[in-house]
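Welcome! Please take a moment to look over the sequence and the model below before reading on.

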Amino acid sequence: MDDGKRRAQRSRVARSAPFRSPLRGLWLTSAFGAVLLVTLPIVTITGLLSYIAYGPQFGQAIPMDVGRLKLPTFDWPTDPSWLYRLNQGLHVGLGLVLIPVVLAKLWSVIPRLFAWPPARSIAQLLERISLLMLVGGILFEIITGVLNIQYDYIFGFSFYTAHYFGAWVFIAGFVVHLAIKIPRMLTGLRSMPLRDVLRTKRVDTVPERYQPDGLVSVDPSPPTISRRGALALVGGGALFMAVITAGQTIGGITRQTALLLPRGRTRGSGPNDFQVNRTAGAAGITADATGQRWRLTLTGGPAPVVFDRETLAAMPQHTARLPIACVEGWSTTETWTGVPLRELARLAGVPNPASAFVRSVERRGAFNRATLQANQVAHPDSLLALRVNDADLSSDHGFPARIIVPALPGVHNTKWVASIDFRTA
Ligand SMILES: Nc1nc2c(c(=O)[nH]1)N[C@H]1C(S)=C(S)[C@@H](COP(=O)(O)O)O[C@H]1N2
Ligand SMILES: [Mo]
C-alpha cells in the first residue's frame, strides 16, 4: 500500500470513528489500569472475607448453597475488635471511591469495546468473552452494591446471591485480563514518564503515536484537557466519593458530609444517639414482648435456665467499647455493659460451648437469629448487653438485651434477644 492509499483508508476509518480524544492511548489506559490492578484485589478479597465472617459453616452466609464456589472457612477472629469494621470499610469505601476510576478506564478503551468484527480467531474470541465478564461483572457489582447500601432493592433477586456470583464472574474476567494485559500495561507505563505527563500543559498535549490497536484515534481532535488534567479530574471524582462516604465509618464532624448514608437518618437520642439499622417498630417488636413479661431462656445444659432482666442486671457486669460494623459499610463504636456470654454459658451448664444459637423476640425478618462461634462466646468482651453509654438500651437498639461481640459482623449482633442455645457440637 502506498502512502496515498493508506491516508485515504485512514480518513475513511476516521469518518466512521466517533472516538477522537487525543488523550486516548496505551499510556492513559495503563495508568488507570495500574491503579485498578492494585486496588480492585483489595475490594475483592475483603468481599470474600466478609462472606467467611458471616459463618458459612453454620449455613448463615448468604447465598447458603454456592456449589463449587465454596470458600475455605475458618473461625473469624475476635481480635482486633475493629477487624470487621476495617474489612467492610475497605470493601464498601474503596469500592465507592474507585467508581470514577473504573468509568475512566472504560472511557479510555471505548473504541476497543466496540471493535468490529468482535473476534478474528478463537484466541481473540476467548479474550472478548473474558472482557465481557470483566466489564459486565464490575458494572454489575457496582450497581448492585450501591443499590444495596441505599436500601433500594429494586431487583427481583436476592442482593447477596447476585453480588456473590457476580463477583466470581468478575474475578474470572479479571484474572484472564491480567494474564493477557500486564505486559502491555508495563509497556504503556514506560512509554511516557509520569513526571513528563505531570509537567505537560494542555496546549503541549499531543496524541500518542498511532497504532492499529484501536486506542489512538486515526484523526485525533485538538486537546480540550491535558493528561494531567484528566488524571486530576478522575482523582477529584474519587476524592469526592471518599468525602461523601467516609463519614459513615469515621464519624465525628465528617458525619455531616456522609451523603451516602441512609442509616444515618434514623438515630436514637441521648446515649442511644447512634445509627439504628432496623427500628423496633419496623421489626414488629411490641412493648408487651419486651416489658415485664420478657424472659431470657438459656438451653443446652441439663435443664433450661430462665432469667428476668432484673436478675441479669444484678449479676456482675462487664463493660467494653466495641463497634457495630454493618456489612453495608457504616460503623459506630459505643460503650456496652452487660453479662459476659461465657458467664451465661457457665450458668446454663455448658462452660465450653462449641457454638451458641441466639434467637430474637422478633418474628419477621431474616436477622432475628445468629449462630456464634466458640471463640466469639468465649471472648471476655462478648456480652449480652443491657446498657449502652451508661443508659438502658433503647427499644430501637435492642432493649431488654442484645448481643455485642468483638469483630462480629453487625447483622449477628442480635437485638431483643429471647433465648440462647449453647451447643457442644
Ligand atoms: N433482631 C434483630 N437484630 C438485629 C437486626 C435486625 O433486623 N433484627 N439488624 C442487625 C443489623 S444488620 C445490624 S447492622 C445491627 C445494627 O444495630 P443497631 O440498629 O443497634 O445500630 O443490628 C443487628 N441486629
Ligand atoms: Mo447490618
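What follows is a short tour of this structure, topic by topic.

This is a predicted model, in which local features need pLDDT of at least 70 and side-chain atom pairs count only at pLDDT 80 or more, while totals for chains, interfaces and linings use all residues. Residues are numbered from 1 along each chain as its sequence is written, and chains are lettered from A and ligands numbered from 1 in the order in which they are written.

**The overall picture**

- The protein has 13 helices and ten strands; helices (H or I, at least four residues) and strands (E, at least two) are DSSP runs, numbered from the N terminus.
- Its C-alpha trace spans about 95 × 45 × 35 Å along the principal axes.
- Of its 425 residues, 36% count as buried. A residue is buried if 20 or more other C-beta atoms lie within 10 Å of its own, exposed if 12 or fewer, and partly exposed in between, with C-beta atoms placed from the backbone.
- Among contacts between residues at least 6 apart in sequence, 72% join residues at least 24 apart. Two residues are in contact if their C-beta atoms, placed from the backbone, lie within 7 Å.

**Helix 7**

- Helix 7 covers residues 159–191 and has a kink of about 50° at Lys-181, shortly before the proline Pro-183. The bend at a residue is the angle between axes fitted to the seven residues ending there and the seven starting there.
- The buried residues of helix 7 are Tyr-164, Gly-166, Ala-167, Phe-170, Gly-173, Phe-174 and Gly-188.
- These buried residues pack against helix 2 (26–53) and helix 6 (122–149).
- As a general point, an α-helix has 3.6 residues a turn, so residues three or four places apart point the same way.

- Five strands form an open sheet with mixed pairing, in the order 2-1-10-5-6. At its edges are strand 2 (305–307) and strand 6 (369–373), each of which pairs on one side only. From one strand to the next, the twist averages 15°.
- Two strands pair if DSSP finds at least two bridges between them.
- Strand 1 (residues 296–299) and strand 10 (residues 417–423) run parallel and are joined by three bridges. Leu-298 has Ile-420 in strand 10 as its bridge partner.
- Strand 5 (residues 355–360) and strand 10 run antiparallel, with six bridges between them. Here Ser-360 has Val-417 in strand 10 as its bridge partner.
- Helix 12 (residues 341–348) lies across strand 1, strand 2, strand 5 and strand 10, at about 65° to strand 1. For such angles, axes are lines fitted to C-alpha atoms, for helices over the stretch in contact, and angles run from 0 to 180 degrees between N-to-C directions.

**Around ligand 1**

- Ligand 1 is surrounded by 20 residues, and the closest are Asn-277, Cys-326, Ser-360, Gly-410 and Lys-415. A residue is near a molecule or strand if its C-beta atom, placed from the backbone, lies within 6 Å of it.
- This shell divides into seven nonpolar, ten polar and three charged residues. Ala, Val, Leu, Ile, Met, Phe, Trp, Tyr, Cys and Pro count as nonpolar, Asp, Glu, Lys and Arg as charged, and the others, Gly among them, as polar.

**A buried glutamate**

- Glu-328 is found in the loop between strand 3 (318–325) and strand 4 (331–340). Glu-328 counts as buried because 22 other C-beta atoms lie within 10 Å.
- Leaving aside neighbours within four places in sequence, Glu-328 is in contact with Val-92, Asn-148 and Ile-149.
- From C-alpha to C-alpha, Glu-328 and Arg-209 are 45 Å apart in space, and 119 residues separate them in sequence.

**Backbone details to look for**

- The peptide bond from Ile-62 to Pro-63 is cis, with omega near 0°. Another cis peptide bond joins Asp-79 and Pro-80, with omega about -5°.
- Pro-63 sits in the loop between helix 2 and helix 3 (83–97), and Pro-80 has its place in the loop between helix 2 and helix 3 too.
- Asp-390, in the loop between strand 7 (383–388) and strand 8 (391–392), has a positive phi near 70°. Asp-390 counts as exposed because it has 9 C-beta neighbours inside 10 Å.
- Trp-416, in the loop between strand 9 (402–404) and strand 10, has a positive phi near 55°. Trp-416 counts as buried because it has 23 C-beta neighbours inside 10 Å.
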